[in-house]
Amino acid sequence: MTSPATVFLHRVLIQLLLALPICGQAAEFRVFSGGALSDASRQRVERLVAAGLERLAPMFPDAKRRPITVFAHPNVSSVPERVRGAIHDGTAGVALLQRDEIHLILDEARRSPPHDLRTVVDHELVHILLDQHVGRAASPHVSRWFHEGLAQVLSGGPYLGMSEDDLVLATRWGRLMRFSDLHDRFPHSKTRLQRAYAQSFSFVGFLHRALGLELLLEAAKKSVKDGGFRVGFYEVTRKALVLQEEKWKEYVLNRSGAALRFVFENCFAYVGLAAFVLLALAWIRRSRRDEQARAKLELEDEVIEEDPPGTPPAP
């Protein structure tokens, strides 16, 4: 007959086994209203955060789970001063790394993906999950371009309205930004900021397809102060990241389809420009002909006035 102590131990073991899957699920989170926000808006953010963590957290199995705090602000003016300086113009959220804190700006979250609120929430969650995954030692040294690139890739699309197609001319003419310049921070100029996001999205997407997420996350964990992700990438793959960058440029120009899409999307603009140039040249030629004809008529009129018809020759 089973003793009461044995039965108690069996129950404890069962409870522990039932609890194990729960421990491996998404991190805890809380959503606060950062301003005059309705309960319905806050609850919507809660649902999006819960869904985002359910999808994204399993991609970061080594993350040291810490509770995530999310502040939902109706507009930029309701964002605290300590946070406002970290927000770029046109962006709808910011993640404060090593603080496990996210700030969302709801009126900046456009309706159409990838600028809708769901994508913005997922984007910022990737930042926090990656930060927890790499650990506090490597966290300050993970390159900014890798952070932003991975956040775009895993959230479902490029940020700030610029895509891979927009990189074609910059790639061909050698006008891409250096990733070493995007290690610590992104530029504030709108055009350069868009290009920085687009480059990061395209390059990290290229690495993700070629090498897989697990390898990239392992490289991120080995980021160091001097070199950031580049050093971690070499530690894991024994390959120089600059070689992958050259392959990526070749991919953008010749294999991504971006060059062909760029031509198709801009063909009407090119045709219109060509037509405008032709019309301008035709107008210039016509103006010159009219000017020549006018000058000729003026000359003939002067001759007629000086020597009218029927005037007898001078003796």
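A: Of the 315 residues in the protein chain, 40% count as buried. Buried here means under 20% relative accessible area, exposed means over 50%, and partly exposed lies in between (1.4 Å probe, protein chains only). The model is predicted: local features need pLDDT of at least 70, side-chain atom pairs count only at pLDDT 80 or more, and totals for chains, interfaces and linings use all residues. Residues are numbered from 1 along each chain as its sequence is written, and side-chain values use heavy atoms, with hydrogens and water left out.

Q: What makes up the secondary structure of the protein chain?
A: The chain comprises 11 helices and 4 strands. Helices (H or I, at least four residues) and strands (E, at least two) are DSSP runs, numbered from the N terminus.

Q: Why is Thr-91 called buried?
A: Thr-91 has a relative accessibility of 4%, and therefore counts as buried. Its place is in the loop between helix 3 (81-84) and strand 3 (93-96).

Q: Which residues does Thr-91 touch, not counting those up to four places away in sequence?
A: Thr-91 touches Ile-105, Glu-108, Tyr-159, Leu-160 and Tyr-197. Contact means heavy atoms within 4.5 Å.

Q: What lies 2.6 Å from a polar atom of the side chain of Thr-91?
A: The backbone oxygen of His-88 lies at that distance.

Q: Why is Ser-189 called partly exposed?
A: The relative accessibility of Ser-189 is 38%, so this residue counts as partly exposed. Ser-189 is found in the loop between helix 6 (168-172) and helix 7 (190-211). From C-alpha to C-alpha, Ser-189 and His-88 are 9.4 Å apart in space, while 101 residues separate them in sequence.

Q: How do you know that the side chains of Arg-118 and Asp-122 meet in a salt bridge?
A: A salt bridge is a side-chain nitrogen of Lys or Arg within 4 Å of a carboxyl oxygen of Asp or Glu. The N to O distance for Arg-118 and Asp-122 is 2.7 Å, and the pair is therefore a salt bridge. Both residues lie in helix 4 (residues 117-138), 4 residues apart, about one turn of the helix.

Q: Is Asp-122 buried or exposed, and why?
A: Asp-122 is buried, because its relative accessible area is 2%.

Q: Why are Arg-144 and Glu-148 said to be separated by about one helical turn?
A: The two residues are 4 residues apart in helix 5 (residues 144-155), which means about one helical turn. Arg-144 counts as partly exposed because its relative accessibility is 21%, whereas Glu-148 is buried, with a relative accessible area of 4%.

Q: How do you know that Lys-222 forms a salt bridge with Glu-218?
A: The closest N and O atoms of Lys-222 and Glu-218 are 4.0 Å apart, and they form a salt bridge. Lys-222, with a relative accessible area of 38%, is partly exposed. Glu-218 is also partly exposed, at 31%.

Q: Which residues do salt bridges that share partners join into one network?
A: Arg-55, Arg-118 and Asp-122 are joined in this way.

Q: How many salt bridges does a search of the whole structure find?
A: The search finds 14 salt bridges.

Conventions: Polar contact = N/O pair within 3.5 Å; in protein donor to acceptor, adjacent residues only side chain to side chain.
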